[in-house]
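Hi,

Here is the structure I promised to pass on.

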Amino acid sequence: MASNGYRNGTGTNKGAIKPPASSNIRSSSFKSRLPPSSNHSPGSALRRTSSASFTTAAGGDGVPGRVRVAVRLRPRNAEESTADADFADCVELQPELKRLKLRKNNWESETYEFDEVLTEFASQKRVYEVVAKPVVESVLDGYNGTVMAYGQTGTGKTFTLGRLGEEDTSARGIMVRSMEEILVNVSRETDSISVSYLQLYMETIQDLLDPANDNISIVEDPRTGDVSLPGATHVEIKDEQSFLELLRLGEAHRIAANTKLNTESSRSHAILMVHVKRSVLGEEVAIPTESDKSSHFVKPPKPLVRKSKLVLVDLAGSERVQKSGSEGHMLEEAKSINLSLSALGKCINALAENSAHVPIRDSKLTRLLRDSFGGTARTSLIVTIGPSPRHRGETASTILFGQRVENMLRIKEEFDYKSLARRLEIQLDKLIAENERQQKAFDDEVERINLEAQNRVSEVERNFTDALEKERLKCQMEYMESVKKLEEKMIENQQKHQHDGFMKDKCNGEGPGFCEDIAVIKKLLEKETHMRKEAEKEVNKLKSQLGQHMDAGAGGDAEILKLQIALEDEVHQKKKLEEEIIILRSQMLQLTFEADQMRRCLARGGSGNAYPGLDSPMSQVRDSLSGHKTPVSALFDQVGVEKILDLLESEDANVRIHAVKVVANLAAEEANQERIVEAGGLTSLLMLLRSYEDETVRRVAAGAIANLAMNEANQELIMVQGGISLLSTTASDAEDPQTLRMVAGAIANLCGNDKLQATLRSEGGIKALLGMVRCRHPDVLSQVARGIANFAKCESRASTNGNGLHIALVLLQVYEAGDHFLSMKVHFHGLCKMLTMMLHLLGDTLSSHCVIWHSMKQMQRT
Ligand code: ADP
Ligand code: MG
């Protein structure tokens, strides 16, 4: 029975379209009876006995198949106010919790939950809105719907449903308000509303609009389950007024009929049926043609009529069910008059228990409601109760009836699978079209983003290429310029050399060295050219890579990174080239020095000496006095002292040698000394002495220091920077007479400084100076002698007051040196020369005579 019971309008009427059914049958109960608390405190904590899940009422709003149950309490009437004045109401409402407490006695109560709990103060408007409005709206949407009022006689069923509110519009009941809402929402032109008003009494259906029509039969379409009453009067409703007239007429007929039947209206059910027919546009239906299965033509939308039905039932008084079977007449009445109500209750029970047999055919009421109750239909039940404690039993049974309705949700729903399939097909088509639209939009977006990205990448690439090209051009220009300058210088030098050509070979081996240098420079130039070509090649390679990259259009970042690295390489290369240029320039400087030197030497006819100053301190003065810049100093300005000093630390030994030569040559000119020292040249030269590795470097460095040591300010600096101990070490290490000559020259210069005497002595400077006579080379000896002479001169100045001690000390040292000279079998003439100088410096004192005499004696001994 469950399978064919309560079928609810699914595509049943001809041409009618029903909206989609709810997805499934809701079987869980959403309200549960709450048992009285076991202790004696009324209203204590709630406990649910049902295992069914609890759903809030709000969750069920407007859900088809869901029976919403509201309870409404009538206010006390005059009689109750007096009679029950000393008693509390049998119920206590908690509207905010949607709960109702039914008092058992003064200390015990049972709590129930409903979808809505309407107090005695609830307005008719509010009652309509929470109970009937959702149903009416769903009827307007094409669903069937039912609103029923159930309760004991006199609790307000008719008040709730049927009040006309003619004098006071706020008193209008659900029937009038529903019609108002329907009228507002339908189109007068295309839609139609018709009404039937019936009474069901003793299983007979009477037409309240045509009392003569007193035995109307119910027709059920066995296929669709649709219920119709072909015999009933259907009155078209155009406005509210005509509807009110109709209700009035129906009410009058109801009273008349009940008088005729000698019964009360409370023993019959009043049923108002509102049929709504609305014109709606159908869906566009695409159907395949015969010739081409893939192509579709679209049928234009066809206007369709959507039918729905609102059934409003003012049920007979519920007390009749409870009291049935008590005695003769009442038993009959229960069996026949109120069969429908008890059948409704049974159906509800059967459905609540999920029984296989739902006695839907047992009564006319259940048969009548078959297509408007449960399933896709929306149903509201308003349970009306009175407050009187005297009717507590009736009230309790009414409440329990309402509670059972929750299980109506178990009603099985039958689908019209054919129409469902068609609807689903249409929906599927829609979704496919939508999906296609979205896919297209997505593809467009992807394309747009792609294009944007490509544009950005090519812009970055363009910028990068421009920058690269600029940098390359700059490098090339600079490079060309330097090469040009170098070539010019070289040509100049070559011309000079050709001029001095025949003399060159006579010189002491400097000539071939010079040619070698030029060859080295040429080689370097070739190397440079080669490197430049390599760099150009690299740039071209990068360009072609860039082109490839542009073609590929992807992996832009990686390529840019590569190019950046290449650019860095280029910059590095450029730096290297610049360094090489400096080196070449410094070499050029050196060559210029040497050529200059040679020229001077040729002019003098003497031997070439790369480092003037020691022998001829005046030469520099002469040069500087000439008033204008020599080509050397011009070149020096061009290259810059710092860059030359940097070359002292070059990794290339050749470069280092050239650099130190240049520095030494520059140091020979007083004008350059300050600049060299300021740029840290002195420190660098001392470093070279310290980290000796090449005799030439050491010799030249010592020469440069000697030149710098001619300047008094530098002398102190040399001392401060530990120069004396470095020079002393070199003095004892070195074997090369030219190195020793330079070292001796440097110390000799320091010996001329009054302030440094004590330090020179204490740090072993004098001892080192004297130690160098072991070399016996006249150049060295002359420097030693110069140094001793300087030293002695200072000492004598320090002891102008005749402090013999100082002089004695010096002389003692000289004496020791003399001894040493002798032991080394030094040339007698050299020593004599020195002693004569000493004598001249020290003056004709007794002690000096003594010492000299002593020395002479020593020499004579050998
Ligand atoms: P029923 O139809 O259930 O037998 P009625 O609707 O005839 O009951 O109501 C009985 C009486 O109570 C009426 O006089 C009615 O006006 C009054 N009444 C019912 N409900 C209310 C209410 N909510 N507020 C005021 N009066 C009410
Ligand atoms: Mg009534």
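Below is what I found, going from the whole chain to the ligand and then to two residues.

First, the ground rules: this is a predicted model, so local features need pLDDT of at least 70 and side-chain atom pairs count only at pLDDT 80 or more, while totals for chains, interfaces and linings use all residues. Residues are numbered from 1 along each chain as its sequence is written, chains are lettered from A and ligands numbered from 1 in the order in which they are written, and side-chain values use heavy atoms, with hydrogens and water left out.

**Confidence**

The chain has a mean pLDDT (the predictor's confidence in each residue, from 0 to 100) of 74, with 68% of residues at 70 or more. Helix α4 (residues 174-185) comes out highest, at a mean of 97, and helix α15 (residues 617-625) lowest, at 35. Two stretches stay under 50: residues 1-65, with 181 contacts beyond four places in sequence, and residues 822-827, with 9 such contacts. A contact here means heavy atoms within 4.5 Å. Where pLDDT is low, the predicted coordinates should not be read in detail.

**The chain as a whole**

There are 30 helices and 16 strands, taken as DSSP runs numbered from the N terminus (helices H or I, at least four residues; strands E, at least two). Of the 862 residues, 48% are buried, where buried is under 20% relative accessible area, exposed is over 50% and partly exposed is in between (1.4 Å probe, protein chains only). Among contacts between residues at least 6 apart in sequence, 73% link residues at least 24 apart. The accessible surface is about 42,300 Å², and carbon and sulfur atoms hold 54% of that; areas come from the Shrake-Rupley method with a 1.4 Å probe, and for residues only the protein chains shown count as cover.

**Ligand 1**

The shell (residues with a heavy atom within 4 Å) consists of R72, R74, P75, Q152, T153, G154, T155, G156, K157, T158 and F159. Helix α3 (residues 157-162) contributes the most, with 3 residues. By type the shell splits into 2 nonpolar, 6 polar and 3 charged; Ala, Val, Leu, Ile, Met, Phe, Trp, Tyr, Cys and Pro count as nonpolar, Asp, Glu, Lys and Arg as charged, and the others, Gly among them, as polar.

Oxygen atoms of ligand 1 lie 2.7 Å from a polar side-chain atom of T158, 2.7 Å from a polar backbone atom of F159 and 3.3 Å from a backbone N or O atom of T155. The protein covers 64% of the 550 Å² of accessible area that ligand 1 has on its own.

D191 is in the loop between α4 and β7 (192-201) and is buried, at 8% relative accessible area. Its side chain makes a polar contact with the side chain of T190 (3.1 Å). By polar contact I mean N or O atoms within 3.5 Å; within protein, one must be able to donate a hydrogen and the other to accept it, and residues adjacent in sequence count only if both atoms are side-chain atoms. A polar side-chain atom of D191 also lies 3.0 Å from the backbone nitrogen of S279. Beyond four places in sequence, D191 is in contact with V186, K277, R278 and S279.

V195 belongs to strand β7 and counts as buried, at 0% relative accessibility. V195 and E236 are 41 residues apart in sequence, with 6.4 Å between their C-alpha atoms.

Cheers
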